[in-house]
Amino acid sequence: MIYLDNSATSFPKPPCVKEAMIHFIDRVGANPGRAGHRLANEAARVVYNTRELINDFFNGDDSLRVVFTQNITEALNVALLGFLRSGDHVITSSLEHNSMMRPLRFLEKSGVELSIVYGDPKGFIDPDRIKKLIKNNTVLIAVNHGSNVMGTIQPIGLIGKIAREGNVLFLVDSAQTAGAIPLDMQKEYIDILCFTGHKSLLGPMGTGGLILGNRVNCIRMNPLKLGGTGSFSEKEVQPGFLPDFLESGTLNVAGLAGLGASIQWINKKGIAAIRCHEIALTEKLLHFCNTMDEISLYGPKDAEQQMPTVSFTVKGFSPSDLGFILDDERDILCRVGLHCSPAAHKTIRTFPTGTVRFGMGIFNTPDDIDYACSALSEIIQRKKIEIWQ
Amino acid sequence: MAVKSVIIVHATSHAIKGEKKLKKNNISCRLVPVPRHISSDCGICLQIDTSKKGESEIILKRENIDIICIHDV
């Protein structure tokens, strides 16, 4: 079986992830911050260690400004619904996933003004076009770092600098890039970094969060969830300090144990090595696709300018039919359709039918790609014969 | 004369961070329940030797850990 759906979630995970989770469930198991006994304190150490690993990994301002959520969709909702008010102006792009667009469209109905910068046919956003849209009531620029449809890597450092010079906060959706390419909150002028634990960070599903830079006045935000925090318990109001202000209820502590282990695995392996490996896989796939007249590629078509996420269509096949054949006959698993990003597909003119997406990852091998390319070649050849007959 | 002091912080996560940073600086500390006469919170706090009060305060402030108060026990 060849798993090429890492853009949805990474699989497999490094063995240490499962080991850390099993250790937590078997040996620790308690709820952090809800009691003062030794197991609760040990659970709290597990959570804090992952907070610190995340903060250091992305060069954030303070480990206590890492807020955990169950996924990046929740993190984006915490940030956007929490921060934006009627009359605020926010700038985003036409390449965004629905986890960004749906909250923004919802807020638009409540009086938040939304400007969308359109990407070029390869999916790149021009930072100057963002700059021209900044005005008096602009409070936020919110963009994805890497497209989940065609992998285009946005120039977030340039966009961040424009945001900083315009005195506007900068939010980055790192769903497709965190753990796969370097990401530094200080260097890229990021004020709010939303991340997911279960894609290239190689942790389990049910983990994610946001890191709030020091420029974000968190108390101005409305928490998405209010409730028990294990602190300030004598009061029936949300505590005014991080992370508790934005983090109510029991966390996925076993998941965070796994995420901590996966980040340590990535630190040991090195982002450079991961990137090098994934660029090589992407180059191999792009090269093959370019040799086939029946295959249309989308995005940068350049492994150095994109994530290991490649979208394509094949003449004579609907994406869903091809995806089914790949799975059913060839044991190749990928995702087809609109990938929860109608905006991105409209940008590259593949709406509404969508594309086939191969999402490669660190545990894919060159042999996997060779096999997938051979499979595509044979399927296309078979179709040609059927047509001739 | 007090031998031990407790450093009260806002939340468990702050106490855990404080524990890690104090231990990194070779200050022995223990996580203990917040004394009831100080606060009714269900939280934990950091118990240190009273002789290390000043040094601990400097370290925790440097690490952006907000200290509510320090009590001698």
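Is His339(A) buried or exposed, and what is its relative accessible area?

A: His339(A) is buried, at a relative accessible area of 1% (buried is under 20%, exposed over 50%, partly exposed in between, with a 1.4 Å probe and protein chains only). A word on conventions: this is a predicted model, where local features need pLDDT of at least 70 and side-chain atom pairs pLDDT 80 or more, while totals for chains, interfaces and linings use all residues. Residues count from 1 along each chain as its sequence is written, chains are lettered from A and ligands numbered from 1 in written order, and side-chain values use heavy atoms, leaving out hydrogens and water.

Back to His339(A): its phi is positive, about 55°, although it is not a glycine. You'll find His339(A) in the loop between β12 (335-337) and α10 of chain A (helices are DSSP runs of H or I, at least four residues, and strands runs of E, at least two, numbered from the N terminus). Asp331(A) is another non-glycine residue with a positive phi, near 55°. It sits in the loop between α9 (319-330) and β11 (332-333) of chain A, and at 43% relative accessibility Asp331(A) counts as partly exposed.

Pro243(A) belongs to the loop between β8 (208-212) and α7 of chain A.

The largest nonpolar core has 51 residues, and the members touching the most others are Ile54(A), Phe58(A), Ile141(A), Phe170(A) and Leu201(A) (a core is a set of buried Ala, Val, Leu, Ile, Met, Phe, Trp, Tyr and Cys residues joined through side-chain atoms within 4.5 Å). Helix α7 (residues 253-269) of chain A supplies the largest share of this core, eight residues. Setting aside neighbours within four places in sequence, Leu201(A) has contacts including Ile54(A), Phe57(A), Phe58(A), Leu259(A), Ile263(A) and Ile266(A) (contact means heavy atoms within 4.5 Å). A separate second core of 32 residues has Met100(A), Leu140(A), Leu169(A) and Cys194(A) among its members.

Now for the partner chain. Here 21 residues of chain A are in contact with 16 residues of chain B. Asn41(A), in helix α2 of chain A, is buried at a relative accessible area of 5%. Leaving out its neighbours within four places in sequence, Asn41(A) contacts Ala35(A) and Gly36(A), plus Ile16(B), Leu31(B) and Ile44(B) across the way.

Four salt bridges are counted between the two chains (a salt bridge is a side-chain nitrogen of Lys or Arg within 4 Å of a carboxyl oxygen of Asp or Glu). In one of them, Glu52(A) pairs with Lys21(B), with the closest N and O atoms 2.9 Å apart. Asp62(A) and Lys17(B) form a salt bridge too, at 2.8 Å, N to O. That pair runs from the loop between α2 (38-57) and β2 (66-69) of chain A to helix α1 (residues 12-24) of chain B, and both Asp62(A) and Lys17(B) are buried.

Over all chains, the structure holds 24 salt bridges. Glu113(A) and Lys135(A) meet in one with an N to O distance of 2.3 Å. Glu113(A) is in strand β4 (residues 113-117) and Lys135(A) in the loop between α5 (127-133) and β5 (138-144) of chain A, so this pair ties together parts 22 residues apart in sequence. Glu113(A) is partly exposed at 31%, and Lys135(A) is partly exposed at 38%.

Chain B has a local example: Lys61(B) and Glu57(B) are bridged at 3.2 Å, N to O. They lie four residues apart in helix α2 (residues 53-62) of chain B, about one turn of the helix. Lys61(B) counts as exposed at 53% relative accessibility, whereas Glu57(B) is partly exposed at 31%. Finally, Glu42(A), Arg45(A), Glu19(B) and Lys23(B) are joined into one network by salt bridges that share partners.
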